[in-house]
4 protein chains.
Amino acid sequence: MAGSIFGKNIKISTWGESHGRALGVVVDGFPAGMELFENDVQKFLDRRKPGTSAATTSRKEGDEVEILSGIFEGKTTGTPISMMVKNTSQRSGDYSEIAGYYRPGHADFGFDEKFGFRDYRGGGRSSGRETIGRVAAGALCSKLLNEMGIKVMAFTRAIGDVEIDEKKFDEKNILLTPTAMPDAEADKRAMELISKCKEEMDSVGGVVECHVTGLPAGVGEPVFDKLDAVIAHAVMSIGAVKAVEIGDGTRVSKYKGSENNDEFVMRDSSVEKQTNHAGGILGGISDGSEIVFRVYFKPTPSIAKTQNTVNKSGENIQVSIHGRHDPVVVPRAVVVVESMCALCTLDLLMSNMLSRAENIIGFYKK
Amino acid sequence: MAGSIFGKNIKISTWGESHGRALGVVVDGFPAGMELFENDVQKFLDRRKPGTSAATTSRKEGDEVEILSGIFEGKTTGTPISMMVKNTSQRSGDYSEIAGYYRPGHADFGFDEKFGFRDYRGGGRSSGRETIGRVAAGALCSKLLNEMGIKVMAFTRAIGDVEIDEKKFDEKNILLTPTAMPDAEADKRAMELISKCKEEMDSVGGVVECHVTGLPAGVGEPVFDKLDAVIAHAVMSIGAVKAVEIGDGTRVSKYKGSENNDEFVMRDSSVEKQTNHAGGILGGISDGSEIVFRVYFKPTPSIAKTQNTVNKSGENIQVSIHGRHDPVVVPRAVVVVESMCALCTLDLLMSNMLSRAENIIGFYKK
Amino acid sequence: MAGSIFGKNIKISTWGESHGRALGVVVDGFPAGMELFENDVQKFLDRRKPGTSAATTSRKEGDEVEILSGIFEGKTTGTPISMMVKNTSQRSGDYSEIAGYYRPGHADFGFDEKFGFRDYRGGGRSSGRETIGRVAAGALCSKLLNEMGIKVMAFTRAIGDVEIDEKKFDEKNILLTPTAMPDAEADKRAMELISKCKEEMDSVGGVVECHVTGLPAGVGEPVFDKLDAVIAHAVMSIGAVKAVEIGDGTRVSKYKGSENNDEFVMRDSSVEKQTNHAGGILGGISDGSEIVFRVYFKPTPSIAKTQNTVNKSGENIQVSIHGRHDPVVVPRAVVVVESMCALCTLDLLMSNMLSRAENIIGFYKK
Amino acid sequence: MAGSIFGKNIKISTWGESHGRALGVVVDGFPAGMELFENDVQKFLDRRKPGTSAATTSRKEGDEVEILSGIFEGKTTGTPISMMVKNTSQRSGDYSEIAGYYRPGHADFGFDEKFGFRDYRGGGRSSGRETIGRVAAGALCSKLLNEMGIKVMAFTRAIGDVEIDEKKFDEKNILLTPTAMPDAEADKRAMELISKCKEEMDSVGGVVECHVTGLPAGVGEPVFDKLDAVIAHAVMSIGAVKAVEIGDGTRVSKYKGSENNDEFVMRDSSVEKQTNHAGGILGGISDGSEIVFRVYFKPTPSIAKTQNTVNKSGENIQVSIHGRHDPVVVPRAVVVVESMCALCTLDLLMSNMLSRAENIIGFYKK
């Protein structure tokens, strides 16, 4: 079953392996008439590019996007937008050794069981480079959301046990700090932790948080295509994610109803909420307040520290995985979470336009 | 956009409102030739039936399933299986008051914004009764999984701050305790907590955990239809769920790679893992060990305690929601989680049969 | 793979067998706020009801629809609309004989090869009664289209070699003549042909034509979801259909380009076409003129005339199929074609609302 | 709504415009382990390449395919296969004139109404070059079908009023004659007709026929995803197609049941049919005999002959469309029909593997 296509009104079809010729995405169903230049996409891709700091791998990638279709005279045409990034820095030699064994924490064994063999170079399809297609598509969706006054913003909330202090939240830091933390002090401590991990030939996990502001109430479909359910699918499908929580998330299991319920109140003739434990989603539908969710990433599984594992001949062996690996995936994953969220949000905004008979009749009467 | 259909190879299409004539599900794509009797489904439905203990609402529902199609001479025919439960205990009068205001913690406001109005009786489509269709479908999927030696088992892990002690885990208690806890002692404490909540006209949240045993490695598709991503979608779409975690879940964000990686080892000529921090899923594909995930539920939003909210005329008001509400949704949600998990698991097992050209060629050669 | 769900924005999920308890449909994604009463659906179902004339089977069916969900205070709620028709006239005894052999012209053999066995009573899922769900859903779609000033009208164009004379086209005859022909004289000759077929224990084929008026230009998606491609899928999926043609259809293969091209012309400040060889669809997109297509039905395969076939024991046998069979399926199929067309048209009208970025931005700015 | 994705188990996502940078396809869900080289795809693409004879446009295109992903060590990996053909022969200048008016027989007007503007160069997304992605995907599907002993073969049945004589059918001529006719004599007459059309600055239509041999009984899903319905969708979505018929097609409407029914007979212990009016499909499911269908193409709408039309300023004008246009699309469309048929056939063969519970249980028991 095809598993590399996501979305309903807008469908993204991603492709490519870490060490293949190129990676990319086809975005089908994106509406016509939005200005789009390669630079709009490049800015997003640059946020997931490695090699910019000690927090990331030293692998240098140009990761320059080419838009191959779906744009005419600087605008989207309504037909599929195909975007490609060529792989220029593949060093297949780096990976020849891992062909013969199953790396702990990786999908190697599952791939072999499923498909009979695998492209073992750099993780193949399960590489972090797979997210290039997601981010390119996310750039488009974010741009259109921005034109509607809706903003998706993700950032690093925590790396290991270093968490940001919300009082020191400064949005511009997200793009300035190597960890994508909005709190510059936490960033420094996190960088120290990362250095320590590298020294110890180890890696560490972290948390990405994402906010959507400006989203009207009513977005998300009852039952299976709830806004939070679709977001959970989207972000859990990012490699290394092990948990997703909306609003107060896991903590709500210990709350009383009277603590957890957000009371409604009239403010300037509009319905608002006094608190936002719900993270902006009630019954799967946006309630007009800020959407808030968090995504938990495991530590990079490729570590230089010695590990026990097995090889394809069925022998127990010891391995030490060298190569250009991020000690933590979180800083580069921030834009991936933001991209997947933008896609889900725009997709459900489009569905929501079709919720009322009067809107359909009205559209065609004009 | 249609939002009440879920699944790929097996698609379930659920329908019905809390106080409509009936609720049900159409299961399309279920394979032919499995024995199925109404009692197979009824047993599952009985597990979500209210009125069996102090932990649940006193609303009495027969919730008797009728299988309307797709079965011939006691076997599934391969064509859609339509199942229906009639609503017999609707008391619309109970709910007339809430028509005019937005209940805190409920989807009322979102529904009105989305559709222009709503069926306010008992939550309408957003009622917990919506899960009847899910559970009826889950019963079918679980039965087929069982015939393959695969078992899905969910249970209550925690209610409020009362958590089970894994050392006291006794599977048979899941069906015997009112809380669906496998630890009878924790169950007692949880029941006390629930009583206290009722006295305080309040409610409480909790955690459901789910295990899948016997699942071979290789199940789940790379990228968007990862096993964990599909499960996350499925369980996050259950009303009141605010977080989902796979394996060690949120905790992995603080782990080092060397702590989190599960080492592979040869055992009786097969590849196994020494630990299972991953919850049985690596890179979105099952790794042959037990699947483990947890689902966090918020407290029932309908509480008798006085709350502030607004009415449809835009006035700030105070409300106290009476009616037959569970003080905690978790015990009845256990079978819902189990059902959604069974559906996802079977669906991806089917997809996985199509992963290799040799299997397709082999199938048609025989 | 699930095969009983159709549509994108509006998805219909049909279920039921000829001799099961009931048949029905769940319509997911239908917009909220349209008035709907059971009688709106019943009127459509009555047009496919047998037993009303010599042109149809003498099997008497009440075929009374029950709407089980998705309606509140006389209006669609935006949530799934479940509709059911109980089978009241099953005489399983009629069919016991055919259990053991493969009826020529029927899917019996294919079903056994596919599923291992089949519900042989009255054709099971492959019975014409399967279309009840389609027609119930079509009634809803037609109603909403009518409110938008769009009208779908199907009629019998030919039965055997008796074809209507377009000069004698009188729309009201479609509902008055037993053949659903708009030409009363052709109807008489067709009825004579049908009588002759019955005498000869034989059956005959025919042609249904369908028009859509009032459809704006721009509906239909480029490439795979062309308006004509989706309609072709929808009507070819009706049992007994063997050909579909749009506009001048098969004849265009002999045309010159200069004959076939419809010239554009300005008329009252709007772009119109001088002719309509294209049947209102160019490049898969509506061009603002009338949509015209024809659907070719084979003769009813169940005939009393002696036929050679084989039984499940692998013996060559002779059979004569008795029972309550229409000598021609076309008159009752008219409303099925109309229903499938209405569904496709509404679905693509909804998709088309999402074609332009400016419309999405505009929708949320208001 | 995304309209450039087709298929269920195997999904193809095509992209590209006539005069964009490139065109291509992403094939998601193709099974792992099949040998695949670029030349397998190139051979198919060469069959739709222009400039090889008087029957086709003089536009020279290399149309060389690059496989960008999904292949490792000469085999499909089970992950998305991305294929691209660069546009090397765009002469945008050719088309600048047509930007301002609506070409008769083309989708220009519909595109403008739908999207607000269009890429007018060479038809943009509605160009025949859009089929490059379909053919590249079809090459893969055909190869796997061949390995299963299933063969899809399409050919030109007629051009204008020149039809092949079945007695002179010689399969190897399909690849040798400029018209792709299997009857060399008919080919000569067709070429004369084409020459005459060119002289008259006109074009002509034609018919493609397609056969599938070796397909087992049981393929195709009851109700909406009937084998013939899916094929009808697939081929009606090819530009310029106006009719599709299965088996005896339109003619069955005049048949008696006793003429049309194919009698079953035992032959060498297997169930066969004496005749094949049904074209190998009964009730939407393959019956084990040859699949036969025909596709009717309209004449190329771009003709040099003077035509009346309107421009975007709302003026009636006269136009004469020059450029590199095929006088008939049929010869190059043969491989497109074959490709779409191969995709549908393989997709439904895969679905059919999931039809029986015993097969699923059996798969995982081994």
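**Aromatic pairs and ring contacts**

Phe155(A) counts as buried, at 1% relative accessibility. In this predicted model, its partner in an aromatic pair is Phe169(A), a residue that counts as partly exposed at 30% relative accessibility.

- Phe155(A) and Phe169(A) are arranged edge-to-face, with 4.9 Å centre to centre and 85° between the planes.
- Because Phe155(A) belongs to strand 8 (residues 151–159) of chain A while Phe169(A) lies in the loop between strand 9 (162–163) and helix 4 (173–176), the pair ties together parts that are 14 residues apart in sequence.

**The pair in chain C**
- The ring centres of Phe155(C) and Phe169(C) are 4.9 Å apart and their planes stand at 85°, so this pair is edge-to-face.
- This pair links distant parts of the chain, 14 residues apart, with Phe155(C) in strand 8 (residues 151–159) of chain C and Phe169(C) in the loop between strand 9 (162–163) and helix 4 (173–176) of chain C.
- Phe155(C) is buried, with a relative accessible area of 1%, whereas Phe169(C), with a relative accessible area of 30%, is partly exposed.

**A cluster with residues from chains A and B**
- One aromatic cluster is formed by Tyr102(A) and Phe109(A) together with Phe264(B).

**Arginine over phenylalanine rings**
- In chain A, Arg47(A) lies over the face of Phe44(A), at 5.5 Å from the ring centre.
- In chain D, the charged end of Arg47(D) sits over the ring of Phe44(D), 5.5 Å from its centre.

Note on methods. Residues are numbered from 1 along each chain as its sequence is written. Chains are lettered from A and ligands numbered from 1 in the order in which they are written. This is a predicted model: local features need pLDDT of at least 70, side-chain atom pairs count only at pLDDT 80 or more; totals for chains, interfaces and linings use all residues. Side-chain values use heavy atoms; hydrogens and water are left out. Rings of Phe, Tyr and Trp (its six-membered ring) pair if their centres lie within 6.5 Å; planes under 30 degrees apart count as stacked, over 60 as edge-to-face and the rest as tilted. Helices (H or I, at least four residues) and strands (E, at least two) are DSSP runs, numbered from the N terminus. Buried means under 20% relative accessible area, exposed over 50%, partly exposed in between (1.4 Å probe, protein chains only). A charge sits over a ring if NZ of Lys or CZ of Arg is within 6 Å of the ring centre and within 35 degrees of the ring normal.
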